[in-house]
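Here's a quick tour of some charged pairs and a ligand site. Have the viewer open while you read.

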Amino acid sequence: MRAAQAQINLSAIRANLAAVRELAPRSKVLAIVKADGYGHGIVRVAGALSDADAYGVASLDDAAVLRDAGVRHRIVLLSGFDAPADLPHIRALDLDCVLHDPSQLAMLTHDRGSAIRLWPKIDTGMHRLGFAADQATMLRATLAALSNVAAEQVWMSHLASADMDSGHNAVQLRSFCAATDALNVPRSMANSAATLRFPAMHFDWVRPGGLLYGLSTIAGRTGADLGFQPAMRVSSRLIAVKDVQPGARIGYAETFVAEHPMRIGIVGFGYGDGYPRRADTGSTVWIAGRIARLLGRVSMDLLCIDLSAMPDVGVGAEVELWGSNLPVEQVAEAAGTISYELTCGITRRVRFVESA
Ligand SMILES: *Cc1c(COP(=O)(O)O)cnc(C)c1O
């Protein structure tokens, strides 16, 4: 059996939610569990996050999986419905829906079903989803006239640069306030980075995703630096060790050439398991309490590491690809991406285990 495994720490997830509540004590928490709980497994993370006020998902399928697992919380469909045929499913699953586009409004005006709870979304400057900010008052009136729209709505917007020191954050906040101050509605703006950095954006609901899994998007800061615990530990084992001579080429395409005699180790983990292939010589792994560097290209099932300074480490030794000993943010940086992409990218053949 392959030793590749992802260990999911449920108590870390619970503790991270408690830490979010401390940051935003007056706000409800919409726990974002899209993309299979950022790769951690949607049902298990929803269980660990049972203290959340609602869950946020990106697809009807994810919502159905949660309902099938017995989840009774409010579930918010973050992109809402795509077609009129979605509406009966939304009612059957009792979902809240983000409303972000005039096409969705048109579908609602032709629909005669029971009232759906909506989260109208305003585009305050990200230019992805949302109604134009100057449409808010009109939208509010339009929705008030529809019998298939619940009176209770949470109005929301999403930030483009919450993890950066950009003046655009203040621009988006001003736009959101200008659009919604007079509506007297519950509001939501903050993702993880804004929950951490901008208390003025907490409003009635915060919407953390990454922080719940101990992940940071803030450059140069790990989740642990910010007081959050990593929830995923990815590990495997050393399956071969060999000595090579100067001039030896390591792995595909000869991208690493030994300059002196080296001891190298082969780890049973590759891009077929979700290790980023773009990480190359210079990325690191944790092994036997120390950090070893990757050598050459990552293969589908294997990667090579430098054990020259670790003569005592042999076949069978446990290797942590990321986790509490080696922050996922560090691996992500070596691969030119963010931690979220790595946790989302762990593949089906990796064995998931839970720790309580
Ligand atoms: C994914 C998402 C979030 C969570 O973002 P994080 O950076 O993971 O906290 C919040 N709101 C919306 C609308 C999202 O799509």
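## The D165–R197 pair

R197 is partly exposed at 27% relative accessible area, while D165 counts as exposed at 77%. Here, exposed means over 50%, buried means under 20% and partly exposed is anything in between (1.4 Å probe, protein chains only). The two side chains meet in a salt bridge, with N to O at 2.4 Å. For that label, a side-chain nitrogen of Lys or Arg has to be within 4 Å of a carboxyl oxygen of Asp or Glu. D165 is in the loop between β9 (155–156) and α8 (168–180) and R197 is in helix α9 (residues 192–197), so the bridge ties together parts that are 32 residues apart in sequence. Helices (H or I, at least four residues) and strands (E, at least two) are DSSP runs, numbered from the N terminus.

A word on the ground rules: this is a predicted model, so local features need pLDDT of at least 70 and side-chain atom pairs count only at pLDDT 80 or more, though totals for chains, interfaces and linings use all residues. Residues are numbered from 1 along each chain as its sequence is written, and side-chain values use heavy atoms, with hydrogens and water left out.

D94 sits in the loop between α5 (86–92) and β5 (96–99), and R117 in the loop between α6 (102–109) and β6 (118–120), 23 residues apart. Both ends are partly exposed: D94 at 43% and R117 at 23%.

Another bridge pairs D280 with R297, whose closest N and O atoms are 3.9 Å apart. D280 is partly exposed at 26%, and R297 is partly exposed at 26%. Shared partners also join R74, D94, D96, R117 and E152 into one salt-bridge network.

## Around the ligand

Which residues come nearest to the ligand?

Ligand oxygen atoms come within 2.5 Å of a side-chain N or O atom of S192, 2.8 Å of a polar side-chain atom of Y340 and 2.9 Å of a polar backbone atom of G209. The protein covers 91% of the 380 Å² of accessible area that the ligand has on its own (Shrake-Rupley method, 1.4 Å probe).

Conventions
A polar contact is a pair of N or O atoms within 3.5 Å; within protein, one must be able to donate a hydrogen and the other to accept it, and residues adjacent in sequence count only if both atoms are side-chain atoms.
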